[in-house]
Amino acid sequence: MNTLMTRGIQALMVAVLIGAATFAMMRALPGDAAYRIAAGRYGYDNVDTAAADAVRAELGLDGPALPAFLNWLGDLLRLDFGHSLVSGQPVIAEIGHQLGASLSLAAVAVLLSLIMGPPLGILAGLRPGGMLDRVLLVVSTGLKAVPQFLMALILILILSVQLRLLPAAGYGAARHFILPALALALGLAAVNARIARDAMARIGAMPFYSFAQWKGLSPRQTLLRHGLRNVSVPLLTYLGLQFVTLVEGVVVVEAIFGWPGIGHALVHAIFSRDVPMVQGTALCLGLGFVLINAVIDLVTGRIDPRRAA
Amino acid sequence: MTLLKADDITVAQGGTPILHPVSLHLEPGEPLVILGETGSGKSLLAQAIMGTLPRDLAARGRVVLGDHLLDAARPGGFRPLWGRQIAVLPQEPWLSLDPLMRAKGQVTEAHHLVRGMTVPDAGAQATADLDRLGLAEAGMRYPHELSGGMAQRVAIAAARAGGARIVIADEPTKGLDAARRDEVADLLLAELARGGGLLVITHDLALARRIGGRMIVLREGRVVETGPTATVMGAPTQAYTRDLIAADPENWELRNRRPAGAPVLTATGLAAGRGGVRLFSDLSFDLTAGRILGVTGPSGCGKSTLGDVVLGLAPPSAGRMSRSAGLAPTAFQKLYQDPVAAFPRHRTLGRTLADVAPRHGEPQDRIDRLMPRLGLAPVLLTRKPDAVSGGELQRLALLRLLLVRPKFIFADEPTSRLDPITQKQVIDLLCETATTEGCAIMLVSHDPELVARTADHVLSLAPAKASEPDLSGPRVKLAGHLG
Amino acid sequence: MTDAVMIPRPAGLALRWTGAALVAAALVLALIGPLAVPGDPFAQSLIKALSGPEPAAPLGYDHLGRSIFHRLAAALRLSPAIAMAAVLTAGLAGLGLGTWAAARGGWTDRILTILADALLALPGLLLVLIVLAIVPGTALGFWAGLSLVLWVEFFRLTRAATRAVLASPAVQATRLLGFGPVYVFRTHIWPEIAPMMLTAAAFGTATAIMAIAALGFVHVGMRAPTPELGLMMVELLPYWREAPLALLSPVIATFALLLGLTLLAGSRDT
């Protein structure tokens, strides 16, 4: 399959880019990087000069850049991320702990956005220029202009500080989901709604949409049988691209709400220059994007036979 | 018993009438043809009768359909009749089928949802319908896997599945070549023979002649002439109708054959393909100044590819294309099927033309001298390409070519989007150009009559060895990728 | 990208003007504000901490007794300046590479597209964070990181539009008439991509300002005491009850600026 091949190349390239970026980050580490990496592997108590020298030799920290970089990439492609420089735990294990929390938050947010956005967008798109369409344009433009951190801040101020309805931070209970998920979902819904609206307006104006009604189908039957399926293709494709926005939101929102997920960990890792953790999480996010989009490619290929060809 | 009667139908846009009162009636077994050029109001008339006018247009008049009495001013009343009383055949059927649904499903759903059959019965009926139209294997295909002709037949089956007796076909041959045009006419007549009424809206004289029955000729929103089709076309009483009939390539006078002039190009053993399909091979011809070589053949046979090879835009897969020595690199030019797409969109035509002249050492006033010769008003130069009519723009395209004094013009279906009278003007100008400029022309057309009466020699390309499924008809374009 | 044509909606023009007015208002505050009311964004006066507006400080004072008005004006110069520098760099790079890839085709095109696709899979904030950790100097790091993120959009738009234009009969006709690549770019390609570039630039500026503010807000961007929009918000958040105006000032200014840029960009045809 050509499309899977393209995604495979994309995944490989993502890994190489992340490898290059984290390699540069490692080389730019202040102080004795070898000592810090050795400490991450063996624990601060067990580090001596010999261990640091061994790391130095292995990673070629003092040697020429190219062999060291290839060595670094080799480790990465074997999915050998090493140990966190901060906790000393294997990076894989750390990510395994945090991934669940992030995935559940992201899933709730996407679900919320799908409940809010596309239905409104489709209704607006059925009557372009109508009342709902104009109101939706104003609301979605306004929401799109609010970055997720600002949305989180506003929600905290209103729902948590002023009305004392919901906790501003914490993790575990269902009510802890509401604020961070909403902070993510509102922006996503604004964009989903626009995509659905534009797709519906475009499809509603196509000859086949009129022809279905000329055959004698009611507006409702036409929408259910010919409208929704056609709208779903651009909507799904866009959802895949939106994954990047979602991940950026997750990083920021987790940091704000103290959510124990991968995004929170990433911000910490960057802050403390924990290169192996940065590499692991970044790769996880990048490959997540490729994976989701590969799945969406397959699904839209099933719905739209023209794409599979 | 009259199937449909429409009295004093008018259409107005913001108070300005754009269709003056028209009355018509439709009898069982007798087709009615509404003939007119672009802007004649023929499609508006059909839309008013079906209740499908765009919202900013207001219709008036009375429509009697069986025992239903309808007011054209209230289009909502027509909706329950769609599919049940009136079957509407859309302009471009390959765009009128849901691209994500298999062909049979689109027929089945009408039997099921409109006529109220159970799903298995509806499916069986749909299979029977498709079989009858010779589409037994096409049922499981998606619209993009159907040829234009097949999509046309699926659309007919789907449109009539609701049980409608009246078929309204709006420009059913738009975008089809001559062979397919006759196929569609026969198909419509076959449907008519099964009982019911047929209303055909067209600008295509050949289609009208084949459909027969009675005819209404419209021009600029007014009825020009009515009567039996054979009478109107054989002995038109109005000047406009006479011009229209005379513009039909079938009625053109034969162009005088030109003596051979200086050689311009020689093709030896040309072959080319596209996407792994061999389009033509072992093609040899030569062309001399002042002569016209007509090229015909069904859609997809490689006419445009041949043009690319002759113009040097694509290499042949075998053979040799040679230009005569001493010709300027710009001596070979092309006239496009869609002139709007051949000009820069964002520039006025005057600027575009003014850029060309000095580049080839031509004085600017050559444009001013050519304009009246091609029947063009100077005001057109201040406009952008999309604000000029198709016929005018094609003449401006010809003018642009003449500025570089071409020795060869490849004219790729230059009039297929024009109305008959305009088409004749453009072809006449092209013939004149061959003579006065001493220019060799390759004229591509899907219309064998046009070519036969214009060209000095004719090159007929056979259909490409089409692999199944037959994709020779216009295909649905894949929607653009997001991003 | 067959229909990548921008069709301005009838209401679009009014919205665009509203957007331009909002952006202009933010810039007036940033550039002319400090001239009208002179003051120092860094001068502390703990006695005035969290006190309300007065003529020398029209928006009151923050928790360290610094004039919010002057800090806000400085912040509204900082992020837009970085953002515009990054958009300019990214725009030129994307435009150049996009045209080049479309015109050359072949491996040039393939490699650039693969690179752009891979960058597309990476969250922009993540790339900016990594670049910030490599490049010394936060402002320089933001400029480099944001340029790296933003060029992809310009590249994709330019490449897609240029490919479509180059394949059109209009360009073929122009070439047959003897015109060269410069004329083709000037009359065919540039008029198609110029409006897209404006839209992409407005979106890119908004994205960059959002990124700087978001990272400031979670303490990994600009560092105190730099006046920066996100940093100001997170610093003033604990004092919401005592001094709501102090927090609302950067919130409203950020929203107005971003809304203005979004409206200015107009509707993007996706």
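The axes of helix H7 (residues 169-176) and helix H8 of chain C come within 11 Å and cross at roughly 145°. Before going further, note that this is a predicted model. The H7(C)–H8(C) crossing is right-handed. On the H7(C) side the contact uses Ala170(C), Val171(C) and Thr174(C), and on the H8(C) side Tyr183(C), Val184(C) and His188(C). Sorted by class, that makes four nonpolar, two polar and no charged residues.

Staying with helix H8 of chain C, Pro181(C) is part of it too. Is Pro181(C) buried or exposed? Pro181(C) counts as exposed, because it has 12 C-beta neighbours inside 10 Å. Pro181(C) and Lys48(C) are 133 residues apart along the chain, and their C-alpha atoms are separated by 65 Å.

**Where chain C touches chain A**

How many residues of chain C are in contact with chain A? There are 32 of them, and they meet 40 residues of chain A. Several helices of chain C each supply at least two residues to that side: H4 (106-120), H5 (124-134), H8 (181-217), H9 (229-236) and H10 (244-265). The chain C side that touches chain A is made up of 26 nonpolar, five polar and one charged residues.

**Chain A**

Over in chain A, the secondary structure comes to 13 helices and zero strands. The C-alpha trace of chain A spans about 85 × 55 × 30 Å along its principal axes. Of its 309 residues, 48% count as buried. Take the contacts in chain A with a separation of 6 or more: 72% of them are between residues 24 or more positions apart.

Which residues of H9(A) are buried? They are Phe208(A), Phe211(A), Ala212(A) and Trp214(A). These four sit on the same side of H9(A), because they cover an arc of only 160° around the axis. What do the buried residues of H9(A) pack against? Within chain A it is helix H10 (219-257), and from chain B it is strand E6 (86-89), helix H2 (93-96) and helix H5 (148-160). After H9(A) comes Gly216(A), with a positive phi near 115°.

**The sheet in chain B**

Chain B has an open sheet of four strands in the order E2-E1-E4-E5, with antiparallel pairing. E2 and E5 (68-71) are the edge strands, each pairing on one side only. On average, neighbouring strands of this sheet are turned by 10° against each other, direction ignored.

| Strand pair | Sense | Bridges | One bridge |
|---|---|---|---|
| E1(B) (residues 4-13) and E4(B) (residues 57-65) | antiparallel | eight bridges | Leu4(B) with Leu65(B) |
| E1(B) and E2(B) (residues 16-26) | antiparallel | seven bridges | Ala12(B) with Pro17(B) |
| E4(B) and E5(B) | antiparallel | four bridges | Arg62(B) with Asp71(B) |

E1(B) and E2(B) also form a hairpin, with two residues between them. In the turn of that hairpin, Gly14(B) has a positive phi of about 55°. Helix H1 (residues 42-50) of chain B lies across E1, E2 and E4 of chain B, and runs at about 115° to E1(B).

Most residues other than glycine have a negative phi. Glu171(B) is not a glycine, yet its phi is positive, at about 50°. Where is Glu171(B)? Its place is in the loop between strand E7 (166-170) and helix H6 (178-193) of chain B. Glu171(B) counts as partly exposed, because it has 19 C-beta neighbours inside 10 Å, whereas a residue is buried if there are 20 or more.

Glu220(B) is also not a glycine, and has a positive phi of about 45°. Glu220(B) is found in the loop between strand E9 (214-219) and strand E10 (222-228) of chain B. With 14 other C-beta atoms within 10 Å, Glu220(B) is partly exposed.

Methods
Residues are numbered from 1 along each chain as its sequence is written. Chains are lettered from A and ligands numbered from 1 in the order in which they are written. This is a predicted model: local features need pLDDT of at least 70, side-chain atom pairs count only at pLDDT 80 or more; totals for chains, interfaces and linings use all residues. The arc is that of the directions from the helix axis to the C-beta atoms. Two residues are in contact if their C-beta atoms, placed from the backbone, lie within 7 Å. Ala, Val, Leu, Ile, Met, Phe, Trp, Tyr, Cys and Pro count as nonpolar, Asp, Glu, Lys and Arg as charged, and the others, Gly among them, as polar. Two strands pair if DSSP finds at least two bridges between them. Axes are lines fitted to C-alpha atoms, for helices over the stretch in contact, and angles run from 0 to 180 degrees between N-to-C directions. A crossing is left-handed if the near helix is turned anticlockwise from the far one by less than a right angle, and right-handed if clockwise.
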